[in-house]
Amino acid sequence: MMSEGAETRYQPKKRLFIGLLGIACAVVLGIAFLLWWIPSVGLVNIHPALPVVFGAVLAVLSLVLVGGLSLLILTLLTGRDLFFSERLRKIVIRYLFPGIISLGRLVGVDRDTLQQSFIALNNQLVRAKRIRVSPDKALILLPHCIQLFDCDIKITGDIQKCIRCQRCDISGLAEAAAERGIDIAVATGGTLARKIIVEKRPRFILAVACERDLTSGIRDSYPLPVIGVLNHRPNGPCFNTSVILEEVRFVLDEHVLPVSIPS
Ligand code: SF4
């Protein structure tokens, strides 16, 4: 069981996205009402039944939209796969994300906070699917900045070259992967990350990175299920970053089956 602190960090700022989704629901209903009300004043002059027909069409469209958003909110609140979590994830990743980012900026929320919220939302939708893959189908992707800047060992390409001196989190991450028989790789950018994914063909990815890289990684990798874990940047961006190992272990235990011991 993960500690309360780690669990809180694992699902950060989910409420922000839910709040923005609620606002989106209200906006949809407001626009639908205006679209019905304004022409209906004139439509009645064309045919007396037209305002009712137009209103019915708009009501159905609004119900579908608000129903989808409500299902999404319910999935997030309950943590259960409410029928369509994969389709919901597709809608969120492909269509809702840009809209929610614009809406968030309009109400003065900064990009990092919005991206944290998006990552938390994505994680929740992936978790709701209750995926469990064998170790050979899982992949851990890390940013290069997790490695200690002063370390002379070149771990890009083969993280197992790390001699586990414990001066940075590569040591613990390599150990967590090795004891579970999971592939682990360091990607120096999006292009290399894509290349690694194409080569290894995983069915589940745990990615560690900053808000920006996780957001683009999750969106680029869709429909692959990716759980994003944010790194810590006490020394500024892209330099000697770290990660909560307990959080990484928790995600792996949740989504990767234990390595089978040959009898
Ligand atoms: S833990 Fe590995 S990567 Fe990190 S400083 Fe030590 S040898 Fe280098």
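The model is predicted, and its domain assignment gives domain 1 (4-128) and domain 2 (135-255). The C-alpha centres of domain 1 and domain 2 lie 32 Å apart.

**Contact between the domains**

- Across the boundary, 13 residues of domain 1 are in contact with 16 residues of domain 2.
- On the side of domain 1 that touches domain 2, the elements that give two or more residues are helix H1 (4-10), helix H4 (85-106) and H5, and of these H5 gives the most, with eight residues.
- By residue class, this side of domain 1 divides into six nonpolar, four polar and three charged residues.

**Crossing of H2 and H5**

- Helix H2 (residues 14-46) and helix H5 (residues 111-128) have axes that come within 7 Å and cross at roughly 95°; because angles of 65 to 115 degrees count as roughly perpendicular, H2 is described as roughly perpendicular to H5.
- From H2 the contact is made by Lys14, Leu16 and Phe17, while H5 contributes Thr113, Ser117, Phe118, Ala120, Leu121 and Gln124.
- The residues of this contact of H2 with H5 divide into five nonpolar, three polar and one charged.

**Surroundings of the ligand**

- The ligand is surrounded by 14 residues, and the closest are Cys151, Cys162, Cys165, Cys168 and Ser171.
- The shell around the ligand divides into nine nonpolar, three polar and two charged residues, with Cys counted among the nonpolar ones.

Definitions and conventions: Residues are numbered from 1 along each chain as its sequence is written. This is a predicted model: local features need pLDDT of at least 70, side-chain atom pairs count only at pLDDT 80 or more; totals for chains, interfaces and linings use all residues. A residue is near a molecule or strand if its C-beta atom, placed from the backbone, lies within 6 Å of it. Axes are lines fitted to C-alpha atoms, for helices over the stretch in contact, and angles run from 0 to 180 degrees between N-to-C directions. Helices (H or I, at least four residues) and strands (E, at least two) are DSSP runs, numbered from the N terminus. Angles under 35 degrees count as roughly parallel, over 145 as roughly antiparallel, 65 to 115 as roughly perpendicular and the rest as oblique. Two residues are in contact if their C-beta atoms, placed from the backbone, lie within 7 Å. Domain bounds come from an automatic or database domain assignment.
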